[in-house]
Amino acid sequence: MNRRYIVSLCGARCATRCLHGASIPGALLALLMLTVSASAAELIMVRQAGCSWCIRWDREIGTAYPTTEEGRFAPLRRVDIRDPLPTYVETPVTVTPTFILVEDDREVGRLTGYPGQDFFWDMLSEIFVRSSFGREKRP
């Protein structure tokens, strides 16, 4: 019999069942959730209130970044320097802005400071080359 599965990931109270009412085993559900996040990447921008270089980055790059290939591959997440960073970011951040490229829950590389729009993209691309984004771009 051919069964189609509908998986609900909205919380503990949802029943996860196939169209015929049989439960989907927890291990399968866990595997599905791992598959969803397996290639997740993000660019973390560590910033602080009053940071003039952060404001300059927002003005010069911030609106364009989400529309670029890099921005679609690794969406930007802004984090205040006083907030806890993910545990896989091992080196503390002491300068704002700092840009940390993260993929599969590991730090791929970082750019400390903002060198201005003339140098930012080239320096960022050096980090992206080390990610799966860079491997896809190679001939």
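Q: What is the average pLDDT of the protein chain?
A: The protein chain averages a pLDDT of 78, and 69% of the residues score at least 70. pLDDT is the predictor's confidence in each residue, from 0 to 100. This is a predicted model, in which local features need pLDDT of at least 70 and side-chain atom pairs count only at pLDDT 80 or more, while totals for chains, interfaces and linings use all residues. Residues are numbered from 1 along each chain as its sequence is written, and side-chain values use heavy atoms, with hydrogens and water left out.

Q: Over which residues is the pLDDT below 50?
A: Residues 1–24 have a pLDDT below 50, with 31 contacts in the model beyond near neighbours in sequence. Residues 26–38 are also below 50, with eight such contacts. Contact means heavy atoms within 4.5 Å.

Q: Why is Glu 103 called buried?
A: Buried means under 20% relative accessible area, exposed over 50%, and partly exposed in between (1.4 Å probe, protein chains only). Glu 103 has a relative accessible area of 3%, so it is buried.

Q: What makes the pair Glu 103 and Ser 132 a polar contact?
A: A polar contact is a pair of N or O atoms within 3.5 Å; within protein, one must be able to donate a hydrogen and the other to accept it, and residues adjacent in sequence count only if both atoms are side-chain atoms. The side chains of Glu 103 and Ser 132 are joined by such a contact of 2.3 Å.

Q: Why are the buried residues of H4 said to line one face of the helix?
A: Phe 120, Leu 124, Ile 127 and Phe 128 are buried in H4. Seen down the helix axis, the buried residues fall within an arc of 90°, so they line one face. The arc is that of the directions from the helix axis to the C-beta atoms. On the other side of H4, Asp 118, Phe 119, Asp 122 and Glu 126 are exposed.

Key
Helices (H or I, at least four residues) and strands (E, at least two) are DSSP runs, numbered from the N terminus.
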